[in-house]
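Q: Hey, can you walk me through this one? I'm new to it.

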Amino acid sequence: MSLDLDTNVTLRGEDELVRRAGHLFAGARERFVCAAADLRTWAMPGVREQIVAERRRSAPGLPVFKLYNPRALADEESERHLIEIARRGARVRICATPLPHETIIIDDRIAVLAGPAAQGVREYTVVRSPAVIQGVASLFWATWESAADLAEFRRSRPPVLNDESREILRLLGDGLKDETASRRLGLSLRTYRRRVAEILILLDAGSRFQAGRRAHELGLL
C-alpha cells in the first residue's frame, strides 16, 4: 500500500516507514533537510545506505543539509561518517540545542517526524500539512543559523580516539616501522595501515608527520 498523499499518517516501525514512505526519501528533487541528535536513527541494517544511494542516483547534486548534536561525533566511526557526508557535498552543522530523534523535511513539502521508541518500536509521522511543515522548517533554519559548521566545530576540540588509536599515534611518534608496530599491536600490516589512514582523517592530516604535530597540539600525546 502506498502512502496517502492527502493526509498526515503515523507509521509504526522502520519496516512500515520504508514500505509505505521510502519512495518519498528517494523522490527529493529540490532540497533534503535532516536534524537528529545522533547518527543512531536507523536500526535496520543497510536501510539508510540504500535510501541515500537511491537519492543520489535519482537526484545528483541535490542540496542536503544535516544538523546534529555534538554526540553525533561521540566515537571515531561516527566522526569519520560525518566527514564523509560533508566530503560528498552535504552541508553539516553541529548545534548545542537539543534535537529530536530525527526530523526530515523533503522539498519543503513533506516532513517525517520520528517519535520516541515504545517497546522497541518507533513511530514516524509523515506530515503534508503546509502550516505544520512551515513551522518545523522555521525551527530548523533558526537552529541552523546558530550552529557551527562541522569543520569549525571539529577544530574546536580533539577527536574522540579509542585506546588503540592513541597507541598507534604513540608508535608513530616513536618512529616504529609499520611492520614492527603492527606486530606489537597484534594487527595485520594491512589493518594497521588502514587504522593509520583513519586516524589521519580524524586529525585532518595529510601525512604522518602532520598527524603527530596535530596530536601534540590537541594534547593527544
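Here is a short chat about the sheet, the helices and some side chains.

Q: What kind of model is this?
A: This is a predicted model, where local features need pLDDT of at least 70 and side-chain atom pairs count only at pLDDT 80 or more, while totals for chains, interfaces and linings use all residues. Residues are numbered from 1 along each chain as its sequence is written, and side-chain values use heavy atoms, leaving out hydrogens and water.

Q: OK, the sheet. What is the strand order?
A: The order is β1-β7-β6-β5-β2-β3-β4-β8. It is an open sheet of eight strands with mixed pairing. Strands are DSSP runs of E, at least two residues, and helices are runs of H or I, at least four, numbered from the N terminus. Two strands pair if DSSP finds at least two bridges between them.

Q: Which are the edge strands?
A: β1 (9-12) and β8 (148-149). Each pairs on one side only.

Q: And β2 with β5: parallel or antiparallel?
A: Antiparallel. Five bridges join β2 (residues 32-36) to β5 (residues 102-106). Ala36 stands opposite Glu102 in β5.

Q: Where does helix α3 pack?
A: Helix α3 (residues 76-87) packs on the sheet, touching β3 and β4 (91-94). Touching, or contact, means heavy atoms within 4.5 Å. The direction of α3 makes about 140° with that of β4. Axes are lines fitted to C-alpha atoms, for helices over the stretch in contact, with angles from 0 to 180 degrees between N-to-C directions.

Q: New topic. How many aromatic pairs are there?
A: Five. Rings of Phe, Tyr and Trp (its six-membered ring) pair if their centres lie within 6.5 Å; planes under 30 degrees apart are stacked, over 60 edge-to-face, the rest tilted.

Q: Why is the pair of Phe65 and Trp144 edge-to-face?
A: Their planes are at 80°, so the pair is edge-to-face, with ring centres 5.4 Å apart. Phe65 lies in strand β3 (residues 64-68) and Trp144 in helix α4 (residues 130-146), so the pair ties together parts 79 residues apart in sequence.

Q: Are those two buried or exposed?
A: Both Phe65 and Trp144 are buried. Buried means under 20% relative accessible area, exposed over 50%, partly exposed in between (1.4 Å probe, protein chains only).
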